[in-house]
Amino acid sequence: MAPRNRTFRPRVCRFCTDKELVIDYKDVKVLRNLVTERGKIVPRRIYGTCARHQRRVTEAIKRARQLALMSYSGSTQY
Amino acid sequence: MRRYETTYILRPNLGESQITEIIDRTNDIIKNDGGTIIDLNRWGLKTLAYEIKKEKQGHYVYFDYTAHGSTVEEMERIFRIDDQILRFLTIKLADSIDQETIDNEIERIAASAAAEKLAKDTEEAGEEKAAEDTEKAGEEKPAEDTEKAGEDTDRNEE
């Protein structure tokens with residue numbers, strides 16, 4: 001079976017490259033880029049986030065949802 | 001002693017005095033049990049991402065403090081009883097904290113607050129110059145954001 005034709009995606013974790021980018025549940029601006037339009041957390045295979053940072057991202061998003069900073073479903077507009 | 005941070009959301013229809021009263025009351029709980037308040041920040045009235053107890057907006061109050069676990073438990077019990085508090089979230093930041101770190105943190109936060117205030121004052125004083133600066137900053141930042149957002153949506157479509 002021929003390998004599926006996949007487009008190349010950068011395999012570098014953006015949080016490892018950019019040390020200034022802090023994952024924090026209070027900082028919705030950063031987290032907003034890591035969820036889909038429907039508010040789902042994007043799997044790490046898409047952005048190439050490393051395991052450690054993806055864990056922190058998931059935690060932060062879930063905390064932000066509890067505080068109604070982000071929505072459980074649907075887009076977050078600010 | 002452990003270091004915690006708590007954010008709570010108050011009902012939007014409260015007056016300034018009522019908000020201050022609730023904040024003072026919570027701070028007293030911490031202080032009376034031997035804790036210290038490191039930082040207190042009011043985020044003001046924000047729109048909630050979803051309705052909580054039929055409210056669409058809420059006053060956010062954030063504070064950073066040291067306390068014993070039992071104190072936090074007691075504070076949260078009172079939060080649960082109080083009808084004015086829509087939601088709260090406590091996060092443990094550190095398992096132990098010594099007096100030196102507390103003092104350093106308080107100093108650091110006070111310094112950054114002072115710097116912010118100074119920036120604001122100079123902005124008001126030298127209107128022309130400051131206005132130019134903020135305009136530049138304003139132009140640069142959103143442009144970056146939209147670029148990033150554009151990237152993300154591209155990837156989503158793939």
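User: What makes a contact here, and which elements do the buried residues of α2(B) pack against?

Analyst: Contact means heavy atoms within 4.5 Å. The buried residues of α2(B) pack against β1 (2-10), α1 (16-32), β3 (55-67) and β4 (85-94) of chain B. This is a predicted model, in which local features need pLDDT of at least 70 and side-chain atom pairs count only at pLDDT 80 or more. Residues are numbered from 1 along each chain as its sequence is written, and chains are lettered from A.

User: Why is B:Phe79 called buried?

Analyst: Buried means under 20% relative accessible area, exposed over 50% and partly exposed in between (1.4 Å probe, protein chains only). B:Phe79 has 2% relative accessibility and therefore counts as buried. The buried residues of α2(B) also include B:Thr71, B:Val72, B:Met75 and B:Glu76.

User: How do you know that the buried residues line one face of α2(B)?

Analyst: Seen down the helix axis, the buried residues fall within an arc of 130 degrees, so they line one face. The arc is taken from the directions from the axis to the C-beta atoms. On the other side, B:Ser70, B:Glu73, B:Arg80 and B:Ile81 are exposed.

User: What makes B:Trp43 and B:Tyr62 a stacked aromatic pair?

Analyst: Rings of Phe, Tyr and Trp (its six-membered ring) pair if their centres lie within 6.5 Å; planes under 30 degrees apart count as stacked, over 60 as edge-to-face and the rest as tilted. B:Trp43 and B:Tyr62 are 5.9 Å apart centre to centre, with 15 degrees between the planes, and the pair is stacked.

User: Why is B:Trp43 called partly exposed?

Analyst: B:Trp43 has 24% relative accessibility, so this residue counts as partly exposed.

Conventions:
Side-chain values use heavy atoms; hydrogens and water are left out. Helices (H or I, at least four residues) and strands (E, at least two) are DSSP runs, numbered from the N terminus.
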